[in-house]
Amino acid sequence: MNATGYFSHPDCRKHEMGAGHPECPERLDAIDDWLLAIGVKDALDLREAPQAALGDIELAHDRMMVAALRGLSDRLADDIKAGGPAYAQIDPDTALNVHTWNAALRAAGATLAATDAVLSGELENAFCAVRPPGHHACHDKAMGFCFFNNIAIAARYALERHGLKRVAIVDFDVHHGNGTEDILAGDDRVLMVSFFQHPLYPYSGAESHAANMLNLPVPAYTKGMDVRELIEMMWIPRLEEFRPEMIFISAGFDAHREDDLGQMGLVEQDYAWITQRIKDVAKRHSQGRIVSSLEGGYNLNALARSVEAHIRVLADL
């Protein structure tokens, strides 16, 4: 059995958006420390994330948006030298520091390197422990803690650079992956399935009309058993019918009952079950090929335990 890859990079810890921000470098520390302490990390193929090429990022994002982000990063560095502020705001929740550009290139690069390794057969599947997250980043704008849409970039990369015909995206973050939908809605080579709390930021997804988007908005306080039933009834038949050649996961763990950024009731066993169902589909149709990348999850203890549950299933541990 081929190994499960674990892609990360120290640059992903250098991006931060100010004291008290929930999307903080400590998220990666919590995951790493926990996986190391319980011995799971020893079973993984540890790899350093490269920087994504801008041409690959532009498979999913407008060239002017990418150039504007780079320019904002350069200007911030100049402003700091002149005694200016340490951050440049994108929106009320999202800011750059001088390290954000490199961190975002590494986060996207992780999913691309993972895609290459899985499609070459070096790895069966992979998890990318990276930040900033990606699924709110739209074709032409960064938002919601996200700069580049790591999973949408990787999905397009698998289609355009590797010549796959059909890929699926599974998003189980508590928030709707509006950026992924913005980039991929109407692309019939991609099927995206998701559930998310609604209403909740970014207040979208419930009215989707694109045939390749299967959105399942659920109310606050929805528990894991209800989500499992929806997945069994709605996701699995669509995924089976679509027969994806590869599956990408936007792995947000903020639907956990201990996470304050949402009000859903999932626990670690639910993430393990969801991962197993995805893996079952991948074994039947995708030669087991899965690339998963971290999105949300802001209670550090719950995040670490949930990532462990997810990775244990991916790696057959």
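The following legends describe close-up views of a predicted model.

Local features are given where pLDDT is at least 70 and side-chain atom pairs at pLDDT 80 or more, while totals for chains, interfaces and linings use all residues. Residues are numbered from 1 along each chain as its sequence is written, and side-chain values use heavy atoms, with hydrogens and water left out.

**View 1. The open sheet has eight strands with parallel pairing.** The strand order is E2-E1-E5-E10-E9-E6-E7-E8; strands (E, at least two residues) and helices (H or I, at least four) are DSSP runs numbered from the N terminus. Strand E2 (45-48) and strand E8 (213-218) are the edge strands, each pairing on one side only; pairing requires at least two bridges found by DSSP between two strands. On average, neighbouring strands are turned by 15 degrees against each other, direction ignored. Within the sheet, strand E5 (residues 123-128) and strand E10 (residues 290-294) are joined in the parallel sense by four bridges. Serine 292 in E10 is the bridge partner of phenylalanine 127.

**View 2. Helices H9 and H10 lie against the sheet.** H9 lies across E5, strand E6 (167-171), strand E7 (190-197), strand E9 (246-251) and E10, and runs at about 165 degrees to E9. Helix H10 (residues 300-314) touches strand E1 (3-8), E5, E9 and E10, and its direction makes about 170 degrees with that of E5. Contact means heavy atoms within 4.5 Å; angles run from 0 to 180 degrees between N-to-C directions, and axes are lines fitted to C-alpha atoms, for helices over the stretch in contact.

**View 3. Helix H8 (residues 224-242) packs with helix H9 (residues 268-285).** Their axes come within 11 Å and cross at roughly 10 degrees. H8 and H9 are therefore roughly parallel to each other, a term for angles under 35 degrees. Residues of H8 including Ile231, Trp235 and Leu239 meet a set in H9 that includes Trp273, Ile274 and Val281. By class, this contact has nine nonpolar, three polar and six charged residues; Ala, Val, Leu, Ile, Met, Phe, Trp, Tyr, Cys and Pro count as nonpolar, Asp, Glu, Lys and Arg as charged, and the others, Gly among them, as polar.

**View 4. Strands E3 and E4 form a hairpin with two residues between them.** Strand E3 (residues 88-91) runs antiparallel to strand E4 (residues 94-96), with three bridges joining them. Glutamine 89 has alanine 95 in E4 as its bridge partner.

**View 5. The loop between E5 and helix H6 (150-160) contains proline 132 and phenylalanine 145.** A cis peptide bond, with omega of about 5 degrees, joins arginine 131 to proline 132. Phenylalanine 145 has a positive phi of about 75 degrees, although it is not a glycine. Another cis peptide bond, with omega of about 0 degrees, joins histidine 198 and proline 199; proline 199 is placed in the loop between E7 and E8.

**View 6. The largest pocket holds about 170 Å³ of space.** Of its 14 lining residues, His136, Phe145, His175, Tyr201 and Leu261 are the closest to its centre. The lining divides into five nonpolar, five polar and four charged residues. On a 1 Å grid over the protein atoms alone, a pocket is an open set of points with protein on both sides within 12 Å along at least five of seven lines, and lining residues have an atom within 4 Å of a point. Grid points are joined across faces, edges and corners, and a volume is the space filled by probe spheres set on the points.

Definitions and conventions: Parallel < 35°, antiparallel > 145°, perpendicular 65-115°, else oblique. 1 Å grid on protein atoms, 1.4 Å probe; cavity = no way out; pocket = protein on both sides within 12 Å on 5 of 7 lines; lining within 4 Å.
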